[in-house]
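Have the structure open while you read.

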Amino acid sequence: MNADAVIELRSLSKRYGSTPAVDDLDWSGGRGVIGLLGPNGAGKSTLLRMLATVLGQDSGSIRVFGLDPAVADERLAIRRRLGYLPQEAGLYRNFTAYDLVDYVAVLKEITDRPVRRDEVRRVLDDVGLTDEMHRRIRTLSGGMQRRVALAASLLGHPDLLVLDEPAAGLDPDQRLRMRTVLSEVGQRATVLLSTHQTDEVAAFCQRVLVLDRGRLLFDGTPRDLAHRATDRVWVSDAPDAGALRSWVTGDGNIRNIGAPPSGATLVEPTLDDGYLLVATEDGVRS
Amino acid sequence: MTALDEWHVSDHELERYANHAIPTFARASVEAHLLACDRCRSTLTQAYASPVRRVGVDETWARIADRIDVTRRPLRSSTTALQVSTSSPLLLLATLSVAFGVIVSVAIASAVAPRASLPLFVVLAPLAPVLGAVLAFQTEIDPAGQLARATPLASGRLPFLRAMLSCSAALVAVALSSFFVPVGLGDVAVWLLPGLALTSLVVAISTWIDPSRVALVLIGGWALAVSAWSWGSRPQGIPLDLADFGAEQRSVQIALIAVTVCSAAVAFVRRNELPVWRSR
Amino acid sequence: MNQHHRSVAQLGMSRGRPDGRSDAELVAAVVDRDRGALQELYARHEPWLSIRLAYRCSDRTLVEEAVQDTFVAVWGSADGYRATGPVAAWIWGIGIRRLLHVMRPRRSLRERLMAQRSPELLSAEDELLVGVEHGDVGLALGRLSPELRMVVQATVLDGLSCQEAGRLLGIPSGTVKTRMMRAKREMREALT
């Protein structure tokens, strides 16, 4: 285990009833932008909630900045360096964007008023809401509301940013803007974001974790994930019965992953292929 | 279409105007024209712009921005936890509803079924502050919802302060509704002590588990306890005076105070343990 | 504290493309709390407003203060704009009154109550005078004596009431009225 890793998970487990949400997870990591890939129900949100110190684990240990969220004082210390964007923020819709971010700034102990004002303006500008900051949240579109919550999570230059599907509801232009902001944050802090879209990971994550049913299926660079499917992807005119997965691509051909038959037309694997291979193989095995 | 539309101020004249080098009557003409012509206004803006002026313009805009970039939520100067705890409009609404509900139901009962109003009051009196406290701990009443739970302030005094404020408001409502029933403000063992005891208990329990789960048990338990006690003391009918509820018994009062003090102590000691009990 | 301090003026500037909205559209947007619209109005109208106010008051700091107050007032009461005239004229109305406000200290309550008794409005004749072709008015104005010209400027061109003109020029409002009447007479004679 890396001694100065920002996050350290050891045998981490959490279950809801009989279903494991996080199953005996071991991982450590630090700086940069880390993507968490996985289907719905994979346990991404649960893991992120535990890292954001708002949920307790059933067994195993978590260390953030070397501190234990289960200990009250250490939990407080973690929160002072943390930014969290939940899947459903639940913002009060009658506040203006400025009101809300200012309120969260107070919760983050930014007591000095001019400093707080500059900080609120800075984060709202980072997410591109400078012109809308004095409009009530209920008058903003869904994507804008998401950006308000994202802005609030950026307050105070957190050392760890935990984001649960941050780009949900954003159009491509806004996604690009968000990626720019998060990449910048990722240069001196740790950004951990979950998504179920591989193109987002490919675009700007330095590291990717694939999660399914609470277990870590892959941990490495996006390039490595794609290369998992090297020589395992081929195209054909008809679905191949021996393939693990087959689907029709936009140009009418069939793309297959799995064990290619001899003479098959192999193609360069994409991140999608790598992800599907890892997820399906694991599914077959279990 | 008047002559105004075809006539524009010459660049030279605009420059003279900007530099205060223009005779009075020409100036009046330029000024009147500028009010109506955006083309000449933008010519003036461009001609008049300079790096030196830019700094001053930016500074003035910065000062304008500082005056309009203010929060419009209540208590805009809130920085202390006490003041922030009031900036939850939903909690305010919920607490007022509870308070209003208590007063109205007791008032109606005293008008419609006077014999039932006293037992109703005795049962409701502690439940209003308990409800207020439970509401204060819900994530949904926080303006920043789920997001707030990962912040430093929300894990400390904030939820407790909110619970205290909500609980106090509820107690005021209970005190007001006591005027509809034969209960005096001096009969603290009826309207105040049970509320304090139950609320402290709920707050202390909230440092272990989600209080909304416990609340239902407590409410049911309290209603049963009251019914059992009063049935025991007056088996033949509805209790009509405070003595039937044991309100005047020293031991009951002391027990209630003891529960309050112990629970408050536990809550204080464990005040930072709050949020991790959410299992959702 | 702030790793990269962005000046307030730089906020929102990444929008890049110029704002193509009309002044009236901008004011409507300000009613909807569009901060960028206010910034655009400021960019378009601050230059001429600063110059025009500077002609009425030689103290630069007071003019800057009045400009500041003007745009804060625009933000606060944009719904007061009626589309009966150009936005610039509405802004001027706010601006000149803000200037008066910062130039003169608040009058006592008694003085203000007395002023309330007889409010002065621009008459239709005065509006007509402004509508006449500039050259003639300019010449006609030029032929007036300085005190008469100042009164005409203050009341007709600046749109001030007699009370406000009196305050600006430091003369009683009664004197403003009589001079205005004389000026109108002389200008009518010059124009016909």
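1. Let's start in chain A, with strands β3 (residues 32-37) and β8 (residues 207-212): they pair in the parallel sense, over 4 bridges. If you want a spot to look at in that pairing, find Gly35(A), which sits opposite Val208(A) of β8(A). Bear in mind throughout that this is a predicted model.

2. Now zoom out to the sheet. In chain A the strand order is β5-β6-β7-β3-β8-β9, which gives an open sheet of 6 strands with mixed pairing. The edges are β5 (82-85) and β9 (215-220) of chain A, each of which pairs on one side only. Going from one strand to the next, the twist averages 15°.

3. What packs on this sheet? Helix α1 (residues 44-51) of chain A does. The strands that α1 touches are β3, β6 (160-164), β7 (190-195) and β8 of chain A. As for orientation, the direction of α1 makes about 155° with that of β7(A).

4. Staying in chain A, have a look at a helix pair. Helix α3 (residues 97-107) of chain A packs against helix α5 (residues 142-154) of chain A at an angle of about 30°, and their axes are 9 Å apart. Angles under 35 degrees count as roughly parallel, so α3(A) is roughly parallel to α5(A). The crossing of α3(A) and α5(A) is right-handed.

5. Which residues make that contact? From α3(A) they are Ala97(A), Leu100(A), Val101(A) and Val104(A), and from α5(A) they are Val148(A), Ala151(A) and Ala152(A). By class, the contact of α3(A) with α5(A) comes out as 7 nonpolar residues, with no polar and no charged ones.

6. On to chain B, which has 14 helices and 0 strands. Of the 280 residues in chain B, 40% are buried. Take the contacts in chain B between residues at least 6 apart in sequence: 74% of them join residues at least 24 apart.

7. Last, the place where the chains meet. Chain B puts 30 residues into the contact and chain A puts in 38 residues. On the side of chain B that touches chain A, the elements giving two or more residues are α7 (89-112) and α9 (145-148) of chain B. Of these, α9(B) supplies the largest share, 4 residues. The residues on that side of chain B split into 13 nonpolar, 10 polar and 7 charged.

Terms used:
Residues are numbered from 1 along each chain as its sequence is written. Chains are lettered from A and ligands numbered from 1 in the order in which they are written. This is a predicted model: local features need pLDDT of at least 70, side-chain atom pairs count only at pLDDT 80 or more; totals for chains, interfaces and linings use all residues. A residue is buried if 20 or more other C-beta atoms lie within 10 Å of its own, exposed if 12 or fewer, and partly exposed in between; C-beta atoms are placed from the backbone. Two residues are in contact if their C-beta atoms, placed from the backbone, lie within 7 Å. Axes are lines fitted to C-alpha atoms, for helices over the stretch in contact, and angles run from 0 to 180 degrees between N-to-C directions. Angles under 35 degrees count as roughly parallel, over 145 as roughly antiparallel, 65 to 115 as roughly perpendicular and the rest as oblique. A crossing is left-handed if the near helix is turned anticlockwise from the far one by less than a right angle, and right-handed if clockwise. Ala, Val, Leu, Ile, Met, Phe, Trp, Tyr, Cys and Pro count as nonpolar, Asp, Glu, Lys and Arg as charged, and the others, Gly among them, as polar. Two strands pair if DSSP finds at least two bridges between them.
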